[in-house]
Amino acid sequence: MKQFTSNPFYKFILFPVGQIVAFAVGASLVLSLLTVLLAYIFRANITDFDLVERVLLILPQVVINGLTIGFVYSTIALGYTMVYGVLEFINFSHSEIFMVGGIVGVELMAYFDHTGALQTMNQYVVIALAIILGMIISGSLAVTVERIAYKPLRGAPRLVPLISAIGMSFFLQDAVRLILSLTTGEFNVILPQFGTFDKFLVLAVPGIEAPLRFQIKNLLLVGVAVLMLVGLNYLVNGTKIGKAIRAVAQDRPSASLMGINVNMIISVTFLIGGALGGAAGVLFALKATKLDPFVGFFPGLKAFTAAVLGGIGNLTGALLGGLILGLLESFSASYLSTFTSGAFGAEYKDIFAFAILILVLILRPSGLLGQTVGQKA
Amino acid sequence: MGKLLELTNVHSYYGHIHALKGISLYVNEGEIVSLIGSNGAGKSSTLRTISGMIHAREGKVLLDQKDITHTEAHMVVSMGVGHVPEGRGIFPKLTVQENLDMGAFTVNDPKLIKERMELVFELFPRLKERITQFGGTLSGGEQQMLAIGRGLMLNPRILMLDEPSMGLAPVLVDVIFDTIKRLNEQGTTILLVEQNALMALSIAHRGYVLQTGSIVLTDDAAKLKKNEMVQKTYLGID
Ligand SMILES: Nc1ncnc2c1ncn2[C@@H]1O[C@H](COP(=O)(O)OP(=O)(O)O)[C@@H](O)[C@H]1O
Ligand SMILES: [Mg+2]
């Protein structure tokens with residue numbers, strides 16, 4: 001068994017993928033069961049249709065939608081949690097790093113569209129290029145922001161870098177707005193139409209009335225997110241740099257006595273977190289199709305919430321928290337009005353999701369999984 | 001047998017606290033030099049100033065004639081200065097193996113790392129038994145072994161140990177001191193900080209006595225052990 005668990009294939013592929021699948025399936029099952037249970041309880045109150053039947057009819061689709069957005073939240077949440085794990089600092093400008101990644105990715109695709117290359121290129125190559133560029137730009141931006149706005153404040157009281165991060169957030173929003181208006185004359189960027197991403201794969205499952213519909217872009221989104229998560233797991237647990245990141249997170253002075261360049265490791269942490277945020281931005285753009293400089297706020301806030309929900313500083317927690325938050329959002333958007341006979345609509349989904357968060361934190365202040373980045377993910 | 005390490009008139013501060021007030025000392029290649037003094041005398045600060053965790057505001061630190069006064073800690077380490085800090089500084093949530101790996105962070109040859117790890121396990125077989133355990137779950141003595149072992153992974157030219165006997169049972173203290181002596185016989189230069197002055201002076205070649213940030217006495221270890229002031233203040237002999 002020991003031999004098996006130290007096998008690299010198990011450690012870096014099987015285990016993390018298994019963990020992701022387990023979290024996705026587990027969280028979906030728990031929420032589905034709770035919802036169906038609630039449907040049974042409320043069934044008597046509603047007379048004009050069968051509540052349970054109505055819930056079950058759309059349940060698979062609700063789960064799929066929730067997981068899709070959940071993976072985006074997880075990927076962003078990892079950026080918050082990595083930086084927190086190493087610096088015990090909440091990088092509030094991470095939502096803008098995410099936004100920049102999305103805008104850069106869309107701009108690249110718009111550029112291909114403009115030159116006419118878009119229609120002749122393989123659609124997956126286009127997406128891959130957009131993601132890579134988004135990662136590079138967001139990663140370097142995150143490193144730069146750290147150097148300029150956080151590093152000089154290390155050792156200052158904790159509130160000071162926090163304020164600096166919020167300031168950086170506003171600065172980046174307005175800087176992007178300025179650049180966009182100077183170069184394109186608009187504040188929005190719009191994803192060009194291309195490829196088959198909007199098409200659906202339809203899967204008829206015996207026993208389920210409505211066939212499962214997987215939009216290709218959602219499958220792509222989940223696939224890329226899983227790839228990122230597996231890559232991060234390898235980086236943190238399987239490489240020398242990853243070990244150094246964990247060492248710095250646990251004991252900075254000791255790490256420097258090992259010959260580890262602590263400043264360099266902090267930069268690497270921002271680079272990785274920023275790159276993940278950038279990738280998430282491009283994925284989000286595929287879904288949202290229209291971005292503006294302020295688009296980072298809500299996904300950023302949700303991802304931050306996800307990180308806290310999972311236990312801030314804990315990488316596995318960020319993954320789990322993101323999935324749960326995405327699912328909660330999807331469930332409440334789809335079912336709130338059904339359950340309340342229209343009294344509360346989908347627009348209350350966030351209130352619901354955040355109410356759950358508050359409940360969890362009252363019962364478990366350290367988050368679902370607690371612990372820190374130093375811990376093996 | 002030249003001077004491997006030399007401090008001249010070193011002043012170090014923590015903010016406004018003047019911790020080292022003009023320290024001058026040297027360590028020859030192959031020596032064990034011991035730094036003794038009561039709590040707060042500046043022993044740890046001296047080691048920190050050497051390894052670059054804090055920097056001298058005045059004075060010079062030379063390693064092999066090279067000025068390292070303002071060199072950053074991670075660079076000083078890569079120049080062959082091992083520093084096993086007070087309180088051990090074990091990474092609590094890295095395994096024993098990973099802690100040792102971190103000790104060899106600046107070493108790039110995997111074969112060399114493996115060789116040294118074998119050497120560490122030879123010195124401390126206990127660590128080998130605990131190899132997959134988290135550092136934070138080890139006993140105090142085992143943590144000290146790990147801290148020293150981790151320092152050795154660097155194969156340092158000079159190993160600085162800050163109170164390696166602190167909080168250990170007498171049997172373990174003997175093991176640690178025997179190890180230090182053995183390492184020195186195999187060629188590692190040692191700068192040893194100890195509250196347990198008697199033990200320290202028993203294995204050291206020379207010693208320095210620190211009081212409130214200044215060196216008040218230096219001599220061969222054997223002579224220091226017989227010095228009346230040292231006996232009274234640090235050895236508890238009236
Ligand atoms: N991190 C620190 N911040 C402020 N003062 C410190 C710090 N570390 C040590 N000092 C002060 O510096 C002086 C020397 O301390 P130290 O070098 O730790 O002494 P020793 O190791 O001999 O017990 C003491 O007065 C101590 O209070
Ligand atoms: Mg001390």
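Helices (H or I, at least four residues) and strands (E, at least two) are taken as DSSP runs and numbered from the N terminus. The model is predicted, with an ipTM of 0.93 and a pTM of 0.91. For chain B, the mean pLDDT is 94, and 99% of the residues reach 70 or more. Within chain B, confidence is lowest in helix 10 (residues 228-233), where the mean is 85. The highest value in chain B, 98, belongs to helix 1.

Helix 1 of chain B gives the most, with 4 residues. The residues around ligand 1 include B:Tyr14, B:Ile17 and B:Ala19, together with B:Ser38, B:Asn39, B:Gly40, B:Ala41, B:Gly42, B:Lys43, B:Ser44 and B:Ser45; B:Arg48 is also one of them. Classified by residue type, the shell around ligand 1 comprises 4 nonpolar, 6 polar and 2 charged residues.

An N or O atom in the side chain of B:Ser45 is 2.5 Å from an oxygen atom of ligand 1. For B:Lys43, a backbone N or O atom lies 2.8 Å from a ligand 1 oxygen. In B:Asn39, an N or O atom of the side chain is 3.5 Å from an oxygen atom of ligand 1. On its own, ligand 1 has 560 Å² of accessible area, of which the protein covers 65%.

Cavities were examined over the whole structure. The search finds 3 cavities of 30 Å³ or more. The second largest cavity holds about 90 Å³ of space. Its lining consists of 13 residues, and those nearest the centre of the cavity are A:Leu257 and A:Met258 from chain A, with B:His83, B:Arg150 and B:Gly151 from chain B. Strand 6 (81-84) and helix 6 (140-152) of chain B are the elements that give two or more residues to the lining of the second largest cavity. By class, this lining has 7 nonpolar, 4 polar and 2 charged residues.

Note on methods. Residues numbered from 1 in each chain as written. Chains lettered and ligands numbered in written order. Predicted model: local features only at pLDDT ≥ 70, side-chain atom pairs only at ≥ 80, totals over all residues. Heavy atoms only, no water. Near = heavy atom within 4 Å. Polar contact = N/O pair within 3.5 Å; in protein donor to acceptor, adjacent residues only side chain to side chain. Areas by Shrake-Rupley, 256 points an atom, 1.4 Å probe, with all protein chains shown as cover. Nonpolar A, V, L, I, M, F, W, Y, C, P; charged D, E, K, R; others polar. 1 Å grid on protein atoms, 1.4 Å probe; cavity = no way out; pocket = protein on both sides within 12 Å on 5 of 7 lines; lining within 4 Å. Points joined across faces, edges and corners; volume = space filled by probe spheres on them. pLDDT = per-residue confidence, 0-100.
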